[in-house]
Amino acid sequence: MAGETLGVLDAALDADQRWSTWHAVEKGQRGPEPHPAWVVTADAAVDTELGVLKTGKEADVFLVERAVPGDPAQRSLLAAKRYRDLDHRAFRRDSLYTEDRSVRRTRDRRALDRKSSYGRQVAAGQWAAAEFAALGELWAAGVPVPYPVQIDGTEILMEFVGTSDGETHEAAPRLARTRPDVDVLATWWDQLRDAMAVMARLGYAHGDLSPYNVLADDDRLVLIDLPQVVDLVANPFGTELLLRDCRTMCAWFVTRGLDADGDELFAELIAQAW
């Protein structure tokens with residue numbers, strides 16, 4: 001009877017819809033508590049895919065609406081980041097970022113070493129899990145990153161950063177696409193330094209920070225694309241990657257007219273990390 005009922009309910013959904021997976025994921029696969037008020041947790045909620053937000057080297061990001069039909073108070077927009085397996089990714093420098101990561105299950109370790117079909121799935125899941133864990137820790141520490149709602153296999157559902165009037169939705173632009181005035185530029189610089197400083201004090205570097213991995217959400221910056229976050233101590237390339245992050249970001253601010261020195265920023269962050 002339960003199966004028949006579920007089948008009837010599923011038949012009511014469109015091809016681009018599914019029932020909310022909030023309660024289907026295991027403990028530890030939801031975002032840090034307390035959950036923001038906008039997070040929809042009702043079993044009656046439906047996820048509706050609204051389109052593609054971004055295609056990337058290792059994953060694609062889709063816009064998803066999670067809402068309880070007939071209840072406008074229970075509605076939120078989410079970014080669904082779905083990782084590809086290694087056969088379908090353009091990003092090939094995995095080892096640079098995974099030097100400090102370990103795999104507990106022997107079967108998974110062997111599969112990764114053999115690069116079997118299962119191993120490629122494990123690798124994709126590792127990157128998703130790494131990003132979800134990083135988002136949770138950084139969000140809880142006050143770093144401006146999207147709130148991670150949940151993870152389910154190779155899919156992360158996180159806060160959508162952008163604007164919506166209920167019918168049209170627009171993602172916040174990447175920093176690289178902006179032309180801020182002097183006052184906004186100075187504010188953004190302060191936000192970036194503060195965000196990188198908190199990460200450094202936690203012992204982390206973004207590892208691939210660039211104007212394309214930062215969103216300009218009106219007057220605030222939001223750091224995104226964090227699967228490759230590196231431990232500054234455990235990863236032998238950690239400080240090198242932090243220096244690259246500093247130089248890359250400072251170079252962008254310099255092109256916009258702000259006096260910023262990547263080596264000085266690096267020294268400042270290293271001092272806070274230790």
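I started with helix 5 (residues 182-202) and helix 6 (residues 238-255), which pack at about 175° with axes 12 Å apart. Helices here are DSSP runs (H or I, at least four residues), numbered from the N terminus. Axes are lines fitted to C-alpha atoms over the stretch in contact, with angles from 0 to 180 degrees between N-to-C directions. The pair is therefore roughly antiparallel (the cut-off is over 145 degrees).

I noted that this is a predicted model, where local features need pLDDT of at least 70 and side-chain atom pairs pLDDT 80 or more. Residues count from 1 along each chain, and side-chain values use heavy atoms, without hydrogens or water.

Next I checked who meets whom (contact is heavy atoms within 4.5 Å). Helix 5 brings residues including Trp188, Trp189 and Met196, and helix 6 brings Asp245, Met249 and Phe253 among them.

Then I turned to helix 6 and helix 7, which pack at about 135° with axes 8 Å apart.

Last, I looked up aspartate 263, which lies in helix 7 (residues 262-273). Aspartate 263 is partly exposed at 42% relative accessible area (between buried, under 20%, and exposed, over 50%, with a 1.4 Å probe, protein chains only). Beyond its neighbours within four places in sequence, aspartate 263 touches Leu243 and Arg247. Leucine 243 is 20 residues away in sequence and 7.1 Å away, C-alpha to C-alpha.

Definitions and conventions:
Helices (H or I, at least four residues) and strands (E, at least two) are DSSP runs, numbered from the N terminus. Angles under 35 degrees count as roughly parallel, over 145 as roughly antiparallel, 65 to 115 as roughly perpendicular and the rest as oblique.
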